[in-house]
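Please find below a colleague's note on the structure shown here.

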Amino acid sequence: MTKKTPLPPLTPKEKSVLEFIESHILSSGVSPSYQEIKDHFGLASFNSVQNYLKQLTSKGYIENPQGQKRAIQVLHSASAVQDQLHKKVSTTTGSPRSQLLQARDEILSLPLLGKVAAGQPIEALKHDEFVDVPPSMVRNPSKSFALKVQGDSMIEDGIFDEDIILIQKQTSASNGDIVVATVENEATVKRIYIRPRPEGDKHNMVELRPSNSTMKSMWYEPNEVEIRGIVVGLIRKF
């Protein structure tokens, strides 16, 4: 019996790029564009995207036909161990095209963008670090990221200093949602409420409420607060 040659190991960055490609195909039915890969990982240029794809191709994890848009095919999952092969079929100009995927229950890697505390806007932070999370904790992997909590303003919601929270990117939220928001380029995690002003004033105010009875809510004009996402999960290391 012929022995199968094991696939070459992936670097952490290559693994993350491959997982992003897989999750994008699973969620949207098509592979991501170069622009989407570049934006997701904050890469400096399209050359960086091409280099990662060349490495994944040379190691046998993907096929990337030249001259075709959204044509990346996943041949082997990032885990590449005891995976079962599945087909996801999408149509391009009326013709069926198979996307080869591996079913994985192991982990996803999300970019860890830093600490949710004062500092720079989230987009300005370099995310050279990644955190592994169970797929069941993330609703949309291609629009998710992680942050490390700094401080004790949310302890009554079970969010403690040094916990890692999982964020789904979006610019709106419902009253009572736990959000990551920026005010004057400083990031914070709080419960958000839109409150009417007293005395019939038509303009609302935004309340960012801590979950700590020793702290007071912060109040802002709507144009001073930018919602970056809502908290969808938490990871704690003991």
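With which residue does Lys-115 form a salt bridge?

1. The partner of Lys-115 is Glu-162, with 4.0 Å between the closest N and O atoms. A salt bridge is defined here as a side-chain nitrogen of Lys or Arg within 4 Å of a carboxyl oxygen of Asp or Glu. The pair joins distant parts of the chain, 47 residues apart: Lys-115 belongs to strand β5, and Glu-162 to the loop between β7 and β8 (164-169). Helices (H or I, at least four residues) and strands (E, at least two) are DSSP runs, numbered from the N terminus.

2. On the basis of the values: this is a predicted model, in which local features need pLDDT of at least 70 and side-chain atom pairs count only at pLDDT 80 or more, whereas totals for chains, interfaces and linings use all residues. Residues are numbered from 1 along each chain as its sequence is written, and side-chain values use heavy atoms, with hydrogens and water left out.

3. The terms are set as follows: buried is under 20% relative accessible area, exposed is over 50%, and partly exposed lies in between (1.4 Å probe, protein chains only). Lys-115 and Glu-162 also belong to a network of salt bridges that includes Lys-148.

4. The structure holds 9 salt bridges. One of them joins Lys-59 to Glu-14, the closest N and O atoms being 2.7 Å apart. This pair, too, links distant parts of the chain, with Lys-59 in the loop between α3 and β1 (62-63) and Glu-14 in helix α1, 45 residues apart. Lys-59 and Glu-14 are both buried.

5. Glu-226 and Arg-228 form a further salt bridge, at 3.5 Å from N to O. Glu-226 is partly exposed, at 43% relative accessible area, while Arg-228 is buried, at 13%.

6. In helix α2 (residues 34-41), the buried residues are Ile-37, Lys-38, His-40 and Phe-41. Because they cover an arc of only 165° around the axis, they lie on the same side of α2; the arc is taken from the directions from the helix axis to the C-beta atoms. Among the elements that cover these buried residues are α1 (12-28), α3 (46-58) and β5 (108-116). Just after α2, Gly-42 adopts a positive phi of about 65°.

7. The unreviewed UniProt entry annotates residues 34-54 as "DNA-binding region"; such annotations may be inferred rather than shown by experiment. In the model, this span is 81% helix and 0% strand, and its end C-alpha atoms lie 13 Å apart.

Note on methods: Contact = heavy atoms within 4.5 Å.
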